[in-house]
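Biologist: I would like to learn how to read a structure like this one, feature by feature. Please give the general idea each time, then the case at hand.

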Amino acid sequence: MKKSIITTIALVAFSMGFAQTAEERGLQIAKAAEEADLGFGSSTVELQMTLKNKNGQTSERFLENKTLELTEDGDKSLIVFNSPKDVKGTATLTFTHKVGSDDQWLYLPSIARVKRISSNNKSGPFVGSEFAYEDLSSQEVEKYSYKFLKEEGSNLIVEQDPVDPISGYTRRVVTYNKDKGYRIEKIEFYDRKNSLLKTLTYSDYKLYKDKFWRAGTFNMVNHQSNKETILKFSNYNFDAGLTDDDFTQVALKRAGN
Amino acid sequence: MKRIILFIIISFGYAFAKAQSETPKKVTHDFELELEGEYRYFYEDAQFSGQENHYPSLAIRPEYSAEWNKGYESINFKGFLRIDRDNVRTHWDIRELYYQKAKKNWELSIGLKKVYWGVAESNHLVDIINQTDAVESFDGEDKLGQPMAQFSWVTNDFGTFNFFYLPYHRKRTFAGEEGRLRFGVVIDKDDLGYESGAEEWRQDFAFRWKYFVGAFDIGLSHFYGNGREPLFVFTPTGDINAFYPVINQTGLDVQITHNAFLWKFESIYRHADAQDFLALVAGLEYTFSNIDGNGLDIGLLGEYLYDERDELALTTLQNDMFFGSRIAFNDVQDTSILLGGIKDLEQSSTIFSIEASRRFGSSWTAEIEARIFNDIDTSELILSNFQDDSFLRLSISRFF
């Protein structure tokens with residue numbers, strides 16, 4: 001009897017202290033990060049994208065992004081290009097889904113046409129940059145499986161394996177900062193051959209509405225091509241009060257004109 | 001044209017007055033200008049007298065927009081001027097000049113505007129609101145500004161309902177005597193009349209319902225008014241009687257987006273007293289994306305085209321297959337190439353086309369286009385006029 005009590009205590013102690021697997025802990029961290037960012041409602045932001053080739057030559061794009069937070073399904077987003085001037089007014093509307101492929105439309109202002117496009121091209125580069133479409137789409141917990149790797153000070157390092165087989169990555173190694181609302185500090189991307197492809201570093205963080213951490217700079221370095229893309233965010237606005245009506249095909253055309 | 005200008009002045013006088021009175025708030029102005037130099041070279045000797053081989057040309061495209069009320073109200077302007085060796089192709093147009101107001105789930109536009117309907121690549125059957133600018137390009141994708149009042153109502157569960165009031169009809173322009181891609185007889189647009197007694201001032205209406213669910217995008221439309229395509233009737237004496245009929249046209253367009261596949265279908269049924277017909281285009285596009293891990297996309301396209309008008313189809317696409325490939329490099333310069341061919345399934349006629357474009361620096365772009373009319377069957381009533389009109393086109397644009 002005594003023995004069995006000791007065993008039980010030991011088992012309980014074990015399951016409390018150690019039984020959480022690395023997979024469970026990884027998922028828990030991703031959920032905590034999602035939880036910490038809940039309730040922003042909607043936001044608008046202006047982006048400056050600088051593309052650097054391996055010789056250091058640069059070219060720039062200016063974009064505007066609107067996001068609508070949804071909880072039952074993935075977020076909605078609308079991106080409008082302001083430059084280069086020949087593509088000014090080109091805009092995309094994306095409905096992210098937690099499970100399954102996203103819905104995406106493209107507006108071409110020169111012929112005033114809205115085109116539904118395939119979201120199958122997630123591993124391809126976004127407008128010639130080092131960001132793939134999947135790097136910029138809404139980060140839903142359901143899109144990865146997780147494995148906790150290690151803790152370094154306030155940083156929690158988690159490996160994320162994309163659920164979708166058409167992803168360009170075998171895995172991403174993500175550094176969360178647990179003292180700063182589980183904001184992401186860094187992501188390392190491993191290609192399909194499992195070699196290090198890119199590193200994305202987040203900096204110039206600001207806290208909005210006392211709750212939402214947003215990085216002012218994303219710096220993506222491609223280690224294989226030595227190319228680099230820098231995204232600078234400005235004029236974050238969490239008070240735009242956007243609704244579903246601002247994320248329709250009618251709104252997409254309006255945004256592009 | 002004077003009356004269009006009057007219509008515009010009245011609409012905009014109202015919009016400006018409203019903008020001034022209601023909004024001391026932030027108004028965003030935006031001006032942009034494109035200057036284009038173009039060279040078209042027709043490398044075969046002309047079939048008709050007066051036609052040339054070399055057509056240097058210039059185009060100017062100014063754009064202006066003013067937005068206020070957080071972008072929910074705006075005035076938008078797009079102008080166009082082309083100067084060409086063919087004095088009919090030398091033309092100007094107000095592509096767009098409209099006031100727009102959006103509120104929650106509705107949007108209203110008043111003025112000259114461009115509206116695009118449809119999903120197919122090789123032929124744009126359903127698209128009917130705007131008149132085609134037939135002298136500007138061969139593919140029919142350039143359009144004249146259409147005076148309209150458009151009301152869009154977006155519902156949560158039942159899609160978007162669009163209502164169009166179209167108070168004025170604009171005639172299609174055909175190439176002049178010096179121009180290529182014309183018929184043996186030069187058609188002066190002013191010689192073409194209307195079936196309707198109200199002529200260009202016939203008050204026309206259109207409706208379109210657009211719905212999206214899962215992989216499906218569906219559009220159902222109806223147009224009642226002066227047709228955009230003139231109807232050519234051959235009299236027993238051999239004369240051509242051409243006019244704009246009053247038509248009822250119902251259109252359906254569907255796209256199914258599934259993984260890398262886009263399945264496309266467009267169909268119209270057009271009724272006029274002188275003519276009833278059905279036309280359709282059905283096909284698919286499949287894209288191999290990021291093939292080289294560097295962003296190269298290669299899309300394959302195939303579409304079948306049918307038109308019950310047979311050889312009288314102005315589009316010349318009565319029973320044809322289109323095959324093509326869209327190549328996008330997804331590079332910093334947005335380099336892209338579209339290759340295509342349309343093959344008549346009953347006759348030898350084939351049209352090949354290439355369109356390629358690339359940006360240079362941040363404000364220059366270059367485009368190359370080729371259309372090759374190959375082995376055109378002499379019995380083709382319309383296409384036979386273009387059998388020697390294969391051309392190469394180079395254009396360079398500077399954006400300000």
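Biologist: How many bridges join E13(B) to strand E14 of chain B, and do the two run parallel or antiparallel?

Modeller: Some conventions come before the answer. This is a predicted model, in which local features need pLDDT of at least 70 and side-chain atom pairs count only at pLDDT 80 or more, while totals for chains, interfaces and linings use all residues. Residues are numbered from 1 along each chain as its sequence is written, and chains are lettered from A and ligands numbered from 1 in the order in which they are written. Helices (H or I, at least four residues) and strands (E, at least two) are DSSP runs, numbered from the N terminus. Two strands pair if DSSP finds at least two bridges between them. In this case, E13(B) and E14(B), residues 261-272, are joined by 11 bridges and run antiparallel. Thr257(B) faces Leu262(B) of E14(B), and Thr250(B) has Tyr269(B) as its bridge partner there.

Biologist: What does the turn of that hairpin look like, and which residue takes a positive phi?

Modeller: There are 2 residues between the strands, and Asn259(B) has a positive phi near 50°.

Biologist: Which residues make up the covered face of E13(B), and which the uncovered one?

Modeller: The covered face holds Ile247(B), Gln249(B), Gly251(B), Asp253(B), Gln255(B) and Thr257(B). The uncovered face includes Val246(B), Leu252(B), Val254(B) and Ile256(B).

Biologist: Why does Leu231(B) count as buried?

Modeller: A residue is buried if 20 or more other C-beta atoms, placed from the backbone, lie within 10 Å of its own, exposed if 12 or fewer, and partly exposed in between. Leu231(B) counts as buried because it has 21 C-beta neighbours inside 10 Å. Leu231(B) belongs to strand E11 (residues 231-234) of chain B. Contact means C-beta atoms, placed from the backbone, within 7 Å. Leaving out residues up to four places away in sequence, Leu231(B) touches several residues, among them Ala242(B), Phe243(B) and Ala272(B).

Biologist: Which residues touch the most other members of the largest nonpolar core?

Modeller: In soluble globular proteins, nonpolar side chains tend to be buried together. A nonpolar core is a set of buried Ala, Val, Leu, Ile, Met, Phe, Trp, Tyr and Cys residues joined through C-beta atoms within 7 Å. The largest has 45 residues, and Ile29(A), Leu78(A), Val80(A), Ala91(A), Val158(A) and Leu252(A) touch the most other members. Apart from it lies another core, of 31 residues, among them Val119(B) and Leu317(B).

Biologist: How many residues are in contact between the two chains?

Modeller: Chain B puts 37 residues in contact with 24 residues of chain A. Strands E4 (91-103), E6 (146-154), E13 (246-258) and E21 (391-399) of chain B each supply at least two residues of that side of chain B.

Biologist: What confidence does the predictor report for the complex?

Modeller: The ipTM is 0.91 and the pTM is 0.90. For chain B the mean pLDDT (the predictor's confidence in each residue, from 0 to 100) is 91, with 92% of its residues at 70 or more. Where pLDDT is low, the predicted coordinates should not be read in detail.
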